[in-house]
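User: Could you take me through this structure step by step? I am new to reading models of this kind.
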Amino acid sequence: MAGDWIKMRGNLWDDPRVSRLCDLTDQPEAMVIGALYWLWSSADSHTEDGLMPGLSLKGIDRKSGVPGFGKALLDVGWIAEVEGGIAIVRFDEHNGKSAKRRSMEAKRKGEVRKVSASDADKSKTESGKDAELELEKELEKEKEKKSPPVSPQGGKAKRAAQLPEDFEPNETNKRLAEELGVSLINEFPQFCDHHRAKGSTMKDWHAAMNTWIRNAHRFGRSGNRQAQQGRKETPQERGERMARERGLA
């Protein structure tokens, strides 16, 4: 029947029993393995259990074309003489329908295991990478919580924010204004109105107040130098002052 096959091992050529058959028959491995093929395929075609009634040792020699092959098979234990014929030893383990079915099933399961193992490794690798990335992200978040940004002077770094509603000049601002002859009564409201109108954000509003005071001293604004000197500002000076106060200069 088309598609029929018999089970023969790939390492049969090096089997010590094949070597023994060669010695007993004085034939090369190719001749002996060819004779074995005839024997096993014949048993597979004509029997279900390896029992071959009517076949004798002389018949094996004649069919295989190897003188003494039957007796040699008997000596190595691959056949046994039974009443009325011979039997293939352990035939049901290697050939026959049940043996073929077991062989194919084992091969199929082996292929499934290979594919499943490959997929499992791949899935494990991918999920392992995802888990590793997630863990790194969590660790970074925890690190940021425990270790906020540090300013160059040490301590927590400040974030820029708009002018607080309750902002007041501190002692440093007052001392600087006094040293430079700047009137905080005049400058402080202008400072607040200017930055609230612009929506300015600063990290240190007291430092910004110091800058404002220095500019007021530098440009002689709002009753500071000019009030002390008893001099009225010129139209040009007034225009420049108003432009600076409105953030245009």
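Predicted model: local features only at pLDDT ≥ 70, side-chain atom pairs only at ≥ 80, totals over all residues.

User: What is the order of the strands in the open sheet?
Analyst: The order is S1-S3-S2, and the pairing of these three strands is antiparallel.

User: Which strands stand at the edges?
Analyst: Those are S1, residues 51-53, and S2. Each has a single partner strand, so one side of each lacks a neighbour in the sheet. From one strand to the next, the twist averages 25 degrees.

User: How many bridges join S1 to S3?
Analyst: Three bridges join S1 to S3. In one of the pairs, Pro53 has Gly85 of S3 as its bridge partner.

User: And over how many bridges do S2 and S3 pair?
Analyst: Strand S2 (residues 79-82) pairs with strand S3 (residues 85-88) over four bridges, in the antiparallel sense. Here Val82 has Gly85 in S3 as its bridge partner. Gly85 is also the partner of Pro53.

User: What about the hairpin, how many residues are between the strands?
Analyst: The hairpin of S2 and S3 has two residues between the strands. Gly84 takes a positive phi near 85 degrees there.

User: Which helix lies across the sheet strands S1, S2 and S3?
Analyst: Helix H2, residues 29-46, lies across them and runs at about 95 degrees to S3.

User: Changing topic: at what angle do H7 and H9 pack?
Analyst: Helix H7 (residues 171-180) and helix H9 (residues 205-219) pack at about 10 degrees, and their axes are 9 Å apart.

User: Why is H7 called roughly parallel to H9?
Analyst: The angle is about 10 degrees. Angles under 35 degrees count as roughly parallel, and therefore H7 is roughly parallel to H9. Among the residues in contact are Leu176 and Leu180 of H7, together with Met209 and Ile213 of H9. The contact comprises five nonpolar residues, five polar and one charged.

User: How do H3 and H4 cross?
Analyst: The axes of helix H3 (residues 57-64) and helix H4 (residues 69-76) come within 7 Å and cross at roughly 115 degrees. Leu57 and Ile60 are among the H3 residues in this contact, and H4 contributes residues including Phe69 and Leu73. The contact divides into five nonpolar residues, two polar and two charged.

User: Which side chain does Glu187 contact?
Analyst: The side chain of Glu187 makes a polar contact of 2.7 Å with that of Trp212.

Key: Residues numbered from 1 in each chain as written. Heavy atoms only, no water. Polar contact = N/O pair within 3.5 Å; in protein donor to acceptor, adjacent residues only side chain to side chain. Pairing = 2+ DSSP bridges. Axes fitted to C-alpha atoms, helices over the stretch in contact; angles between N-to-C directions. Parallel < 35°, antiparallel > 145°, perpendicular 65-115°, else oblique. Contact = heavy atoms within 4.5 Å. Nonpolar A, V, L, I, M, F, W, Y, C, P; charged D, E, K, R; others polar.
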